[in-house]
Amino acid sequence: MGILLQNFDLVIFLVLAVLGYTAGSWAEKKHYRSINQREKELIKLVVVTAEGSFPPERIADAALVSGSVVVSIDYFKRLLAILRNIFGGRIKSYESLVDRARREAILRMKESAKKRGASIIINMRLETATIGRSANKKKSVGSVEAIAYGTAIVMNK
Amino acid sequence: MIMTNVNTVPGKKIVEHFGIVQGSTVRAKHFGRDFMAGLKNLVGGELKGYTELLQDSRQEAMQRMEDQAQQMGANAVVNIRFATSSVAQGAAELFAYGTAVRVE
């Protein structure tokens, strides 16, 4: 007990790392499962980055749709990334972070387009920004925001 | 008001251009939300408070842009772009800009 109290900061650090690892990887797996499932459901709604042109008489409505999400990295992965910074190379934990954020943003955009009854989204654009406490510290990523926006087109049947 | 992020309003013809309209907003975070986000930073995952905050502010920026376009007498905004920047610690600026036009 005495040793534990003496190394109190170390204990906190280890607890946080373990918590980050278990909760973080569980949350990530769950998120990926839900992303995969929803992507399958929405596969019929086409998203393109091109503008395209449609005959005017076939278009019933056109409107801007957008989706955004802020995803944060867990404590354990942040540690890994800091270690990676020493040797360089791929930082896999951040790759999965931005991948999740972008796919989630696109899915949310698609969901709001589906509510309008759209059949295609044209000119889709993606943007990423870092916000939050770590935004001004250039070294760390912390949390990442992804925005997806495009023009949803509702066709006449 | 019709909003699109393509050059035209699909299915309609542009009859008049009014030039650029823009709207922006700077939002700081709520203390409680910031605290929750700090906790969430440990385990990772979506920061719902921030997502909501950014969505609200984007709506606000779009609303301001729309108001400006309305004043000019436009009925649509085309080629809308969004951008985000952090101007100060814990505050985010969101702005939206586009071209105000009148369609048939």
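**Note on a two-chain predicted model**

1. Helix α2(B) has 25 residues and reaches 36 Å from its first C-alpha to its last, close to the 36 Å expected at 1.5 Å a residue, where the expected span is 1.5 Å times one less than the number of residues. Helices (H or I, at least four residues) and strands (E, at least two) are DSSP runs, numbered from the N terminus. After α2(B) comes B:Gly73, whose phi is positive, near 95°.

2. This is a predicted model, in which local features need pLDDT of at least 70 and side-chain atom pairs count only at pLDDT 80 or more, while totals for chains, interfaces and linings use all residues. Residues are numbered from 1 along each chain as its sequence is written, and chains are lettered from A and ligands numbered from 1 in the order in which they are written.

3. Five strands, in the order β1(A)-β3(A)-β4(A)-β2(A)-β3(B), form an open sheet with mixed pairing; two strands pair if DSSP finds at least two bridges between them. The edge strands, each pairing on one side only, are β1 (46-47) of chain A and β3 of chain B.

4. Because 12 of its 16 residues are buried, β2(A) is largely enclosed by the rest of the structure; a residue counts as buried if 20 or more other C-beta atoms, placed from the backbone, lie within 10 Å of its own.

5. Helices from both chains lie across this sheet. Helix α2 (residues 8-41) of chain A lies across β2 of chain A together with β3 of chain B, at about 35° to β3(B), whereas α2(B) lies across β2 and β4 of chain A together with β3 of chain B, at about 145° to β2(A). These angles run from 0 to 180 degrees between N-to-C directions, with axes fitted to C-alpha atoms, for helices over the stretch in contact. Among the buried residues of α2(B) are B:Tyr50, B:Leu54, B:Ala61 and B:Met65.

6. The 24 residues of α4(A) should span 34 Å at 1.5 Å a residue, which agrees with the 35 Å between its end C-alpha atoms. Its buried residues, including A:Leu97, A:Ala105 and A:Met109, pack against α2, β1, β2, α3 (75-87), β3 and β4 of chain A. The helix is followed by A:Gly117, whose phi is positive, near 85°.

7. The largest nonpolar core has 49 residues, and those with the most contacts inside it are A:Ala105, A:Met109, A:Ile121, A:Ala148 and B:Val77. Such a core is a set of buried Ala, Val, Leu, Ile, Met, Phe, Trp, Tyr and Cys residues joined through C-beta atoms within 7 Å. A:Ala148 touches, among others, A:Ala105, A:Met109 and A:Leu126, residues up to four places away in sequence not being counted.

8. At the interface, 29 residues of chain B are in contact with 41 residues of chain A, contact meaning C-beta atoms, placed from the backbone, within 7 Å. On the side of chain B that touches chain A, the largest share, five residues, comes from α1(B).

Technical notes: Two residues are in contact if their C-beta atoms, placed from the backbone, lie within 7 Å.
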